[in-house]
Amino acid sequence: MTDEPKVRVLTVDDSRTMQGVLRKALSEAGYDVIQGGDGVEGLEVLQQADPMPQAIITDINMPRMDGFQFIEAVRKLEAFSSIPIICLTTETDEEKKSRARSLGATGWIAKPFNAEKLVWAIRRVTA
């Protein structure tokens with residue numbers, strides 16, 4: 001057993017069910033998970049997080065502040081500008097994918113998702 005700190009991941013999704021699924025999948029893979037219920041809450045959780053998360057997973061379709069607005073807001077904050085952001089969404093439209101990329105998203109995973117693929121993607125972006 002090492003005393004290495006766990007990699008922290010912020011998940012932002014308005015679905016309580018999806019929050020539970022993400023928490024379970026990531027916790028079982030050894031990640032420390034913090035969560036926000038939409039973009040506004042996700043931004044608040046991110047700015048108060050200590051230690052800072054090493055990766056963010058965000059939904060696109062959320063109330064108050066959607067995933068695009070959230071990505072844009074995160075990228076405008078110097079301290080968080082280089083954190084990898086993965087979109088986890090039911091959206092599969094190429095136009096939306098390129099919009100997310102142009103705003104600073106690192107990757108895109110479609111729901112329903114495979115937990116192993118998600119963990120693999122997080123490992124890849126936090127390595």
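Cys87 stands opposite Trp108 in β5. That makes a handy way into this predicted model, where local features need pLDDT of at least 70, side-chain atom pairs count only at pLDDT 80 or more, and totals for chains, interfaces and linings use all residues. Residues are numbered from 1 along each chain as its sequence is written, and side-chain values use heavy atoms, with hydrogens and water left out.

Strand β4 (residues 85–89) runs parallel to β5, and 4 bridges link the pair. Strands here are DSSP runs of E with at least two residues, helices are runs of H or I with at least four, and both are numbered from the N terminus; two strands pair if DSSP finds at least two bridges between them. Zoom out and you get an open sheet of 5 strands, paired in parallel and ordered β2-β1-β3-β4-β5. At the edges sit β2 and β5 (107–110), each with a single partner strand, so one side of each has no neighbour in the sheet. From one strand to the next, the twist averages 20 degrees. Angles run from 0 to 180 degrees between N-to-C directions, and axes are lines fitted to C-alpha atoms, for helices over the stretch in contact.

Now for the helices on the sheet. α1 packs there, touching β1 (8–12), β2, β3 (55–58) and β4, and its direction makes about 165 degrees with that of β2. α5 packs on the sheet too, touching β1, β3, β4 and β5, with its direction at about 140 degrees to that of β3. Contact means heavy atoms within 4.5 Å.

The two helices also meet each other. α1 (residues 16–28) and α5 (residues 115–126) pack at an angle of about 65 degrees, their axes 10 Å apart. On the α1 side, Leu22, Ala25 and Leu26 meet Ala115, Leu118, Val119 and Ile122 of α5. The residues of this contact divide into 7 nonpolar, no polar and no charged.

Is Gln35 buried or exposed? Gln35 is buried, at a relative accessible area of 17%, where buried means under 20%, exposed over 50% and partly exposed in between (1.4 Å probe, protein chains only). Leaving aside neighbours within four places in sequence, Gln35 is in contact with residues including Leu10, Gln19, Leu22 and Val45. Its side chain makes a polar contact with that of Thr11 at 3.0 Å, and another of 3.1 Å joins the side chains of Gln35 and Arg23. A polar contact is a pair of N or O atoms within 3.5 Å; within protein, one must be able to donate a hydrogen and the other to accept it, and residues adjacent in sequence count only if both atoms are side-chain atoms.

Notes: Ala, Val, Leu, Ile, Met, Phe, Trp, Tyr, Cys and Pro count as nonpolar, Asp, Glu, Lys and Arg as charged, and the others, Gly among them, as polar.
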